[in-house]
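User: I have a chain open and would like to go through it. Can I ask you things as I go?
Analyst: Go ahead.

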Amino acid sequence: HFSDCCQACRNIVRRSARRCKDLSFDGDGEGERKMSSESVDAVFQLLLAASEEGYIGEPVSQLQHALQAAYFAHKAGCDEETVLAALLHDVGHLCEKGAPKMDALGVMNHERLGALWLKDLGFSQKVCDLVEGHVSAKRYLTGKHPEYHDKLSDASKGTLVWQGGPFTPDEVTAFEKDPLGGLKLQMRHFDDLAKDPSLKVPDLESYREMIRDHLAQEAQKRVAESA
């Protein structure tokens, strides 16, 4: 299973390399602008399709879970990168068809797959790091505070086993040195809250401008760095 998961990651990296080559970045920014436009479309297509996808045994769809997580991040006053990371934290369950599964509990190593997919689309390193770190936050909390395990849903308890279980004391110490550790813990809090089938939150379209502006800014940075 782990070798299959590594293969899924390599598939994303290979597609990214081909796409960059096809866009023929030449320093005038046109290739980056085209990439940004395509990336917005890719995100919306994936998440809109997720309105029909169940969320690993929870009472909400994948899209509801994503929108609720983003809502709680925005409500908490988080910056736009953190809001976007909350919105996109589980895209790894959706972006790579055929990726190995944790039985009926979603895609194995989805946090890594999602981070690679978002990096390919041009999202910032911070967004990608937060997406990749939301599982380690759960492992940290269950290692540091064993009582947290009792608060997890049955589905989250099941995925925790597949994801390596609670952190060891050494892993807890390492996590506490992570500059993004505090934000990753916030992401986990939003993840836990975002499972309410009756909660009404802003729809996906309300995030289009935020996503578009973020990708445009990241594209401008890449153009400037390559000049």
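User: Which residues in the largest nonpolar core touch the most other members?
Analyst: This is a predicted model, so the values are computed from predicted coordinates. The largest nonpolar core has 41 residues, and Leu 87, Leu 118, Phe 123 and Ile 211 touch the most other members.

User: Which helices supply at least two residues of this core?
Analyst: Helix 2 (30-49), helix 3 (62-75), helix 4 (80-88), helix 5 (110-121), helix 6 (125-144), helix 10 and helix 11 (208-226) each do.

User: And which helix gives the most?
Analyst: Helix 3, with seven residues.

User: What does the second core include?
Analyst: The second core is separate and has nine residues, including Leu 141, Leu 160, Phe 167 and Val 172.

User: Zooming out. How many helices and strands does the chain have?
Analyst: Eleven helices and two strands. Along the sequence the pattern reads α-α-β-β-α-α-α-α-α-α-α-α-α.

User: How much of the chain is buried?
Analyst: Buried residues are 50% of the 227 residues. The accessible surface is about 11100 Å², and carbon and sulfur atoms account for 52% of that surface.

User: What share of the contacts comes from residues 24 or more positions apart?
Analyst: 71%, taken over the contacts in the chain with a separation of 6 or more.

User: Another pair, please. How many Å apart are Asp 120 and Ser 39?
Analyst: They are 8.7 Å apart, C-alpha to C-alpha, and 81 residues apart in sequence. Asp 120 is in helix 5.

User: Is Asp 120 buried or exposed?
Analyst: Buried, because its relative accessible area is 9% and the limit is under 20%.

User: What about His 65, buried or exposed?
Analyst: His 65 is buried, at a relative accessible area of 0%. His 65 is found in helix 3.

User: What does its side chain reach?
Analyst: The side chain of His 65 reaches the backbone oxygen of Ala 194, at 2.6 Å.

User: Different topic. How many disulfides are there?
Analyst: Zero, from a search of the whole structure. Cys 78 is buried at a relative accessible area of 15%, and Cys 128 is buried at 2%.

User: Now helix 10. Why do its end C-alpha atoms sit 19 Å apart?
Analyst: Helix 10 (residues 181-193) has 13 residues, and at 1.5 Å a residue it should span 18 Å, so the 19 Å between the end C-alpha atoms agrees.

User: Which residues in helix 10 are buried?
Analyst: Gly 181, Lys 184, Met 187, Arg 188, Phe 190 and Asp 191.

User: Why would residues three or four places apart point the same way?
Analyst: Because an α-helix has 3.6 residues a turn.

User: And helix 8, which residues are buried there?
Analyst: In helix 8 (residues 154-162), the buried ones are Ala 155, Ser 156, Gly 158, Thr 159 and Leu 160. The buried residues of helix 8 pack against strand 2 (58-61), helix 6, helix 7 (148-151) and helix 10.

User: What comes just after helix 8?
Analyst: Gly 164, which takes a positive phi of about 110°. Gly 165 is in the loop between helix 8 and helix 9 (169-176). Not counting residues up to four places away in sequence, Gly 165 touches Arg 139 and Leu 160.

User: Last one. Is Ala 104 buried or exposed?
Analyst: Exposed, because its relative accessibility is 67% and the cut-off is over 50%. Ala 104 is found in the loop between helix 4 and helix 5. Ala 104 and Thr 159 are 55 residues apart in sequence and 9.5 Å apart in space, C-alpha to C-alpha.

How values were computed: Residues numbered from 1 in each chain as written. Predicted model: local features only at pLDDT ≥ 70, side-chain atom pairs only at ≥ 80, totals over all residues. Heavy atoms only, no water. Helix = DSSP H or I, 4+ residues; strand = E, 2+ residues; numbered from the N terminus. Expected span 1.5 Å × (residues − 1). Buried < 20%, exposed > 50% of the residue type's maximum accessible area, 1.4 Å probe, protein only. Core = buried A, V, L, I, M, F, W, Y, C linked by side-chain atoms within 4.5 Å. Polar contact = N/O pair within 3.5 Å; in protein donor to acceptor, adjacent residues only side chain to side chain. Disulfide = S-S within 2.5 Å. Contact = heavy atoms within 4.5 Å. Areas by Shrake-Rupley, 256 points an atom, 1.4 Å probe, with all protein chains shown as cover.
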